[in-house]
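The sequence and structure are shown first.

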Amino acid sequence: LTDLGWGMIEQGGKAGWIPLEYADSRDYELRLEAEGALTESLTVYKPRGAFIPLSQYKPQREGYTLVGWPREKGGKVDFLADANYSYEEDAVLYAVWKTSEYTVSFVDWDGSLISTGSYPHGAEVSLPDTPVRAADAEFTYEFSGWDAEVTAAFADAVYKATYSATAIPITTTEETTSPPPEVTEEETFP
């Protein structure tokens, strides 16, 4: 191989020069900028012909979910958060975030759904109407509250209704029985 991109080849006992394409063997530098994340900048190196699974580099930012990576700061997302990056050049990608959403559900004592809703990170959770549990043969029930303190939405949550039970008093009725009538000798029965 010469500095001019020519190489010597032998075939069938004959030698000759052929042009060779220069193969760049260096790694490409990919810098991931994630403003507001725990780790705000990360540099990874991509060998020629390889790809980088961006799903391995998901920065964490409280209250936010990574949407993807544009090639220009403030630009349109070019790569989703779980895409593969395969460009053959040095580059900088910038994180695009969306506010995290959480599902908060309220269930009754038997697990049946009372209500459910989606809330952005930190939003106040709306309580459903007070649930009512029907009495059974032994107890009446009064709503006591939820099995955990209802807080603002910081994660998916399920709250279960709890009740206090009051025993239904057992009432007995005395059966009144009349003594059988006395039979006298004067009465006759057919």
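## Overall architecture

In this report, strands are DSSP runs of E with at least two residues, helices are runs of H or I with at least four residues, and both are numbered from the N terminus. The model under discussion is a predicted one. By the criteria above, the chain contains 14 strands and zero helices. Read from the N terminus, the order of elements is accordingly β-β-β-β-β-β-β-β-β-β-β-β-β-β.

The chain has 190 residues, of which 24% are buried. Among contacts with a separation of 6 or more, 48% are between residues 24 or more positions apart.

## Pairing of strand β6

Strand β6 covers residues 64–69 and is joined by four bridges to strand β10, residues 96–99. These two strands run antiparallel. Within this pairing, Thr65 is positioned opposite Lys98 of β10.

Strand β6 also pairs with strand β7, residues 79–80, through two bridges, and this arrangement is likewise antiparallel. Here Gly68 has Leu80 of β7 as its bridge partner.

## The largest pocket

The largest pocket has a volume of about 160 Å³. Its lining consists of Glu33, Ala34, Glu35, Glu40, Pro70, Lys73, Gly74, Gly75, Tyr94, Ala95 and Val96. By residue class, the lining comprises five nonpolar, two polar and four charged residues. Val96 belongs to this lining and falls within β10, residues 96–99, the strand bridged to β6.

## Two buried residues

Ile52 is located in strand β5, which spans residues 52–53. Ile52 is classed as buried because its relative accessible area is 5%, where the cut-off for burial is under 20%. Beyond residues up to four places away in sequence, Ile52 touches Leu30, Val44, Tyr45, Lys46, Tyr57, Ala83, Asn84 and Tyr85.

Trp146 belongs to strand β13. With a relative accessibility of 17%, Trp146 is therefore also counted as buried. Apart from neighbours within four places in sequence, the contacts of Trp146 are Phe106, Val107, Ile114, Leu127, Pro128, Pro131, Tyr159, Lys160, Ala161 and Thr162. The C-alpha atoms of Trp146 and Tyr163 are 8.8 Å apart in space, and the two residues are 17 apart in sequence.

## A partly exposed and an exposed residue

Thr166 is placed in strand β14, residues 157–167. Its relative accessibility is 47%, so Thr166 counts as partly exposed; the exposed class requires over 50%. When neighbours within four places in sequence are set aside, Thr166 is in contact with Glu138, Phe139 and Thr140. Computed along the sequence, Thr166 and Ala135 are 31 residues apart, while their C-alpha atoms are separated by 9.4 Å in space.

Asp129 is situated in the loop between β12, residues 113–120, and β13, residues 139–146. Asp129 is exposed because its relative accessible area reaches 69%, and exposure is assigned over 50%. The C-alpha atoms of Asp129 and Ser115 are 9.3 Å apart, and these residues are 14 positions apart along the chain.

Notes. Residues numbered from 1 in each chain as written. Predicted model: local features only at pLDDT ≥ 70, side-chain atom pairs only at ≥ 80, totals over all residues. Heavy atoms only, no water. Pairing = 2+ DSSP bridges. 1 Å grid on protein atoms, 1.4 Å probe; cavity = no way out; pocket = protein on both sides within 12 Å on 5 of 7 lines; lining within 4 Å. Points joined across faces, edges and corners; volume = space filled by probe spheres on them. Nonpolar A, V, L, I, M, F, W, Y, C, P; charged D, E, K, R; others polar. Buried < 20%, exposed > 50% of the residue type's maximum accessible area, 1.4 Å probe, protein only. Contact = heavy atoms within 4.5 Å.
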